Amino acid sequence: MLKKFSIILISFILILGMSSNVKAQTLKTSLDVVQKASETKYLDKDQGSISKTIVDSNKDTGEITVELKLNNMKKEVETEVYLIVPENISGQKENLSNTLNTAEKLVKGILNKDTKTKIGVIGTKGPTSLENGGTDKDAEIVVKPTRDVEGIKNGIKNMNPSKKYYYDNMQASLRLASKSYSSNKNKVLISLYDSIVWSAIGITPNMDEVRR
């Protein structure tokens, strides 16, 4: 959208009286452009932005041409992605290898398409005994949001160093994810979990189901 606004500077004539002779002097002014573009202003509720730029000016007549731009695209917001990974795979060589390959392809694909995205990893744990119920502590941040692909892979490789077997508590991972995102970010959650969920917060694993 191009709108023109004209500013006309009026030259004032200063008349000086000196004794019996009157001499008129005209004070001439000229327009100097100090700043061509104004600061971009963002509309309420992130609905776009507006900016003004001087594209032409005449210093003698004081006329300027202003270009007004209205952008109704939302302000760019960074994205945070969390991958949910079961920590049981640390003791399963083939499963761990497959998960690492899947995670690497996924992470590279996302990061190559969006330079404003960071990815983190949440490890799913759970009770280690059939007699114990799940708690909201059955999950942990394995890798904080980053763009370091190798850092993400190493985080997954090194999780659960004691190789404990957990009765997975997916609910704890979901709850941790909801608390861990930064404010004012696009939030994405991807689960690499493909097994049966045995536990939840306050829920004891069902032994009959486990034995099937």
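Which residues of α1 are buried? In this predicted model, the buried residues of α1 are L96, T99, L100, A103, E104, V107 and L111. They cover an arc of only 140° around the axis, which puts them on the same side of α1. Residues three or four places apart in an α-helix point the same way, because there are 3.6 residues a turn. The face turned away from the buried side of α1 carries exposed residues, namely E94, K105, N112 and K113. Cover for the buried residues of α1 comes from elements including β6, β7 and α2. The length of α1 was also checked. Its 21 residues should span 30 Å at 1.5 Å a residue, and the end C-alpha atoms are 31 Å apart, which agrees.

Helix α2 was examined in the same terms. Its buried residues are V149, I152, K153, G155 and I156. Seen down the axis of α2, these residues fall within an arc of 160°, so they line one face of the helix. They pack against β6, α1, β7 and β8.

The nonpolar packing was then considered. The largest nonpolar core has 17 residues. Those with the most contacts inside this core are L83, V85, V107, I119, I152 and I156. At least two core residues come from each of β6 (79–86), α1 (93–113), β7 and α2 (149–158). Helix α1 gives the most, with five residues. V107 is among the buried residues of α1. Leaving aside its neighbours within four places in sequence, V107 is in contact with L83, I119, V149 and I152. A second, separate core has six residues, including Y82, I122, A177 and Y181.

Charged pairs come next. The count of salt bridges comes to four. E104, K108, E150 and K153 are linked in a network of such bridges. E104 counts as buried, at 19% relative accessibility. The cut-off for burial is under 20%. K108 is partly exposed, with a relative accessible area of 38%.

E104 also forms a salt bridge with K153, where the closest N and O atoms are 3.4 Å apart. E104 lies in helix α1 and K153 in helix α2, so the pair ties together parts that are 49 residues apart in sequence. Both E104 and K153 are buried. For K153 the relative accessibility is 15%.

K153 has a further partner in E150, with the closest N and O atoms 3.8 Å apart. A salt bridge requires such atoms within 4 Å, so this pair counts as one. K153 and E150 both lie in helix α2, three residues apart, about one turn of the helix. E150 counts as partly exposed, at 43% relative accessibility.

Which side chain of opposite charge is nearest to K125? It is E140, 4.3 Å away. K125 is found in the loop between β7 (117–124) and β8 (139–146). Leaving aside its neighbours within four places in sequence, K125 is in contact with E87, K137, D138, A139, E140, Y166, Y167, D168 and N169.

Backbone angles close the analysis. Most residues other than glycine have a negative phi. N160 has a positive phi of about 50° although it is not a glycine. N160 is found in the loop between α2 and α3 (170–180). At 4% relative accessibility, N160 counts as buried. N184 has a positive phi of about 60° and is likewise not a glycine. N184 lies in the loop between α3 and β9 (186–191). At 70% relative accessibility, N184 counts as exposed. Thus N160 is buried, whereas N184 is exposed.

Key: Residues numbered from 1 in each chain as written. Predicted model: local features only at pLDDT ≥ 70, side-chain atom pairs only at ≥ 80, totals over all residues. Heavy atoms only, no water. Helix = DSSP H or I, 4+ residues; strand = E, 2+ residues; numbered from the N terminus. Buried < 20%, exposed > 50% of the residue type's maximum accessible area, 1.4 Å probe, protein only. Lys, Arg positive; Asp, Glu negative; His and termini not counted. Contact = heavy atoms within 4.5 Å. Core = buried A, V, L, I, M, F, W, Y, C linked by side-chain atoms within 4.5 Å. Expected span 1.5 Å × (residues − 1). Arc of directions from axis to C-beta.
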